[in-house]
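Hello,

Here is the structure I promised to pass on to you. Please open it alongside this message, and I will walk you through what turned up.

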Amino acid sequence: MLHLIVFSVFGLVCVAGAVNLLAQRHPINSALSLVVVMGSLAVEYLLLGAEFVAAVQVIVYAGAIMVLFVFVIMLLNAGEEDRTKGSRVAMLFGIPGMLIGSVLVAWVLLEHSGTGNVAVGALPGPPKVIGWLLFHDFLLPFEVTSVLVLIAIMGAVVLASHPGPTQQDKREG
Amino acid sequence: MVPLSYYLVLSGILFACGVTGFLIKRNIITIFMSIELMLNGVNLSFVAFAAQWHALSGQVFVFFVMVVAAAESAVGLAIIIAVYRTRETLNVDRVNLLKL
């Protein structure tokens, strides 16, 4: 019972944060509601017993990635977004469409999925076992990921640091 | 005891919110945040299925998804900075040409 209550409370916080992300017009408010979503998702992971994933979620997602987002929002001095004709059309068709789609998916999952129940802490996964898996069964993907991260770092540095010629420079030169 | 389908429904709602944000938002940074929301929804279903079948590979997959998301956000935000330098706008409706 307590499991269901904690799940529902943090699930509602999660959905409220996601809807608030859509409703807010200033990007910094959207970023802060995304932090709320990620924090409550970390609690859901803890409920499932995935304490390693919960810790990584808080450190990497809510910490590193969101700090990067907030940095960029502050750096570019992003203001409120202006709604255009295209966004009104997308709202008119997108929101009802996604509502219908998600209600359909929820109905199928709740009525016809045939999956069982999950107990508190159902995952028997201490970080030691995950590390063992990572360096034995998933060694090749792990190494490929390190190459990917290296390329991403170099790409980010190249893209962000080199100021390309602006339109004004071209007109003058 | 909570049915597994509740976790999957929560993950589906998060994914739907992400898709809706991708469609209706016009600020390029907020569109990027919607993509992160979709990735989070998928991560939740990975962990829920891992708990259902006692398979730890699901958690390792979530780890890989997070690493790819981190790399993607670093490169994507660098691209956003480059776009802002050349166009001086963040509205995707005004960024409609590949050339300058």
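Predicted model: local features only at pLDDT ≥ 70, side-chain atom pairs only at ≥ 80, totals over all residues.

Chain A as a whole

Chain A contains seven helices and one strand. Following the sequence, their order is α-α-α-α-β-α-α-α. With a radius of gyration of 21 Å, well over the 16 Å that the globule rule gives for 173 residues, chain A is more spread out than a compact globule. Along the principal axes, the C-alpha atoms of chain A fill a box of roughly 70 × 45 × 25 Å.

Of the 173 residues in chain A, 26% are buried. Taking the contacts in chain A with a separation of 6 or more, 59% are between residues 24 or more positions apart.

The α1 and α2 pair

Next, have a look at helix α1 (residues 2-23) and helix α2 (residues 27-48) of chain A, whose axes come within 8 Å and cross at roughly 160 degrees. That crossing makes α1(A) roughly antiparallel to α2(A). The crossing of α1(A) past α2(A) is left-handed. Among the residues that meet here are A:Phe7, A:Phe10 and A:Leu21 from α1(A), and A:Leu34, A:Val37 and A:Leu47 from α2(A).

A:Ala42 sits in helix α2 of chain A. Its contacts, not counting residues up to four places away in sequence, are A:Ala54, A:Gln57 and A:Val58. A:Gln57 is 15 residues from A:Ala42 along the chain, with 6.1 Å between the two C-alpha atoms. Is A:Ala42 buried or exposed? A:Ala42 has 22 other C-beta atoms within 10 Å, and 20 or more is the cut-off for a buried residue, so A:Ala42 is buried.

Where the two chains meet

Finally, turn to the contact between the chains, which takes 81 residues from chain A and 64 residues from chain B. On the side of chain B that touches chain A, the elements giving two or more residues are β1 (2-3), α1 (4-24), α2 (28-53) and α3 (57-87). The largest share of that side comes from α3(B), with 23 residues.

Enjoy exploring, and write back whenever you like.

Best wishes

Notes. Residues numbered from 1 in each chain as written. Chains lettered and ligands numbered in written order. Helix = DSSP H or I, 4+ residues; strand = E, 2+ residues; numbered from the N terminus. Rg over C-alpha atoms; globule rule 2.2 N^0.38 Å. Buried ≥ 20, exposed ≤ 12 C-beta atoms within 10 Å, placed from the backbone. Contact = placed C-beta atoms within 7 Å. Axes fitted to C-alpha atoms, helices over the stretch in contact; angles between N-to-C directions. Parallel < 35°, antiparallel > 145°, perpendicular 65-115°, else oblique. Left-handed = near helix turned anticlockwise from the far one by under 90°.
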